[in-house]
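This report describes selected features of one protein chain and is meant to be read beside the sequence and the coordinates. Please keep both in view while reading.

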Amino acid sequence: MTESLQDKLLEIHRRLCLIFGCPVAYFRALDPLSELVSSLLSHRTRNAASGAAFRALRARWDGGRGGDWAAVRDADPAEVEATIAGVTWPEQKAPRIQAILRRITELRGELSLDFLAELSVEEARAWLEQLPGVGPKTSAAVMSFSSLRRPALPVDSHHHRVAVRTGLIPPSVAVGPSHRILEAQLPPDWTAQQIYDNHEVMMLHGQRVCSYRDPACHRCVLLELCPTGQARMGGEVQARGA
Ligand code: SF4
C-alpha cells in the first residue's frame, strides 16, 4: 500500500463523514450466531427482504427466547426454505444455513459463537471462514455488526463500487479479495467504530450518490478525488477548479 492511497482513503472518509455524520449508530447488536444467520440471508438480497426472513425464522422457531437456532438446524429443510422464501435463492440458503449450524455444533460441541470474543480478530475470522459458504464479507459482518463490536471491514457491492471508481482498488479486484486490500489501507490504530463508519459511509455514498447505473458526479463531494467522475464530467471539473 502506498501512503498516497491511505491519504486518499482518509480524505474520502473525512468528506463522507461530514455528509453522513460520524460516528454512525450501529443498527443492531445481535449475538454473533444470530448475526451470522442474518448475514447469510442477506447475500444478494434487499435489506427489507432479508430482515423479514430473519424475523420469520426467529418467530417460527422461537424457543421462548426469540430464535432457537438448534431448532432451525434440526428442522425440515423444506420448512426452513418456505420460511425464508422472500430472500434470493432460498433453496440454496436454507440447506446452507442448516449445514453451517450443524458444522458449528460439531466443531464446538454447542451452538454458539460467543467464544469468538476470546480470539484475535484474525483468528476469529479464520475460524468463521472455514465454515461452508462463509467468506470475508460475512466474517467481517459478524465481527463488526454483532455484539462483539470488533474491528473488521465488511465490503458490500456499493462500498466496492465506490472504492473502484475512486481508485482505491483496481477494477480487476473483486469484492472478496478487496477486503484485505481496503483493510490494509486503514490506519492500524482505528477503532471498531471508525472502521464501521468507513464501511457505512462508503455504502451509503454508493447507494445514494455513486449508483451503479447513473452516478451523480455533478453533486459528489468526492469528484476532485475521483478519476472516474473526472473522466465522466470531462472539462467541467477543470472549469470548476479554475
Ligand atoms: S465522482 Fe462520480 S464516480 Fe466518483 S465517487 Fe462521485 S459519484 Fe462516484
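## Backbone features in the loops

W89 is situated in the loop that runs between α5 and α6. The model is a predicted one, and in it W89 has a positive phi of about 55° although it is not a glycine. W89 counts as partly exposed because 13 other C-beta atoms lie within 10 Å, whereas a buried residue would need 20 or more and an exposed one 12 or fewer.

A positive phi of about 55° is also found at R44, again not a glycine. R44 belongs to the loop between α2 and α3 (47-60).

The loop between α1 and α2 contains P23. The peptide bond that joins C22 and P23 is cis, with omega at about 5°.

## Helix α6

Helix α6 covers residues 90-108, 19 residues in total. From its first C-alpha to its last, α6 reaches 27 Å, close to the 27 Å expected at 1.5 Å a residue. After α6 comes G109, which has a positive phi near 75°.

Which residues of α6 are buried? They are K93, A94, I97, I100, L101 and I104. These residues lie on the same side of α6 because they cover an arc of only 135° around the axis. The cover over the buried residues of α6 includes α2 (32-42), α4 (69-74) and α5 (77-83). On the other side of α6, the exposed residues are E91, E106 and L107.

## Domain organisation

The protein chain is divided into two parts: domain 1 comprises 3-25 + 154-236, and domain 2 comprises 32-145. A distance of 28 Å separates the C-alpha centres of domain 1 and domain 2. Nine residues from domain 1 and six residues from domain 2 take part in the contact.

On the side of domain 1 that touches domain 2, α10 (175-185) and α11 (192-208) are the elements that give two or more residues. The residues on this side of domain 1 divide into six nonpolar, two polar and one charged.

## F20 at the end of α1

F20 is placed in helix α1, which covers residues 3-20. Is F20 buried, exposed or partly exposed? F20 counts as partly exposed, because 16 C-beta neighbours lie inside 10 Å.

With its neighbours within four places in sequence left aside, F20 is in contact with V201 and L204. As for A49, this residue is 29 residues from F20 in sequence, and the two are 24 Å apart in space, C-alpha to C-alpha.

## The ligand shell

How many residues are around the ligand, and which come nearest? There are 14 residues around the ligand, and C210, C217, C220, C226 and G229 come nearest.

Helices α9 (157-165) and α12 (227-233) each supply at least two residues of the shell around the ligand. By residue class, the shell divides into 10 nonpolar, three polar and one charged.

Note on methods
Residues are numbered from 1 along each chain as its sequence is written. This is a predicted model: local features need pLDDT of at least 70, side-chain atom pairs count only at pLDDT 80 or more; totals for chains, interfaces and linings use all residues. Helices (H or I, at least four residues) and strands (E, at least two) are DSSP runs, numbered from the N terminus. The expected span of a helix is 1.5 Å times one less than its number of residues. The arc is that of the directions from the helix axis to the C-beta atoms. Two residues are in contact if their C-beta atoms, placed from the backbone, lie within 7 Å. Domain bounds come from an automatic or database domain assignment. Ala, Val, Leu, Ile, Met, Phe, Trp, Tyr, Cys and Pro count as nonpolar, Asp, Glu, Lys and Arg as charged, and the others, Gly among them, as polar. A residue is near a molecule or strand if its C-beta atom, placed from the backbone, lies within 6 Å of it.
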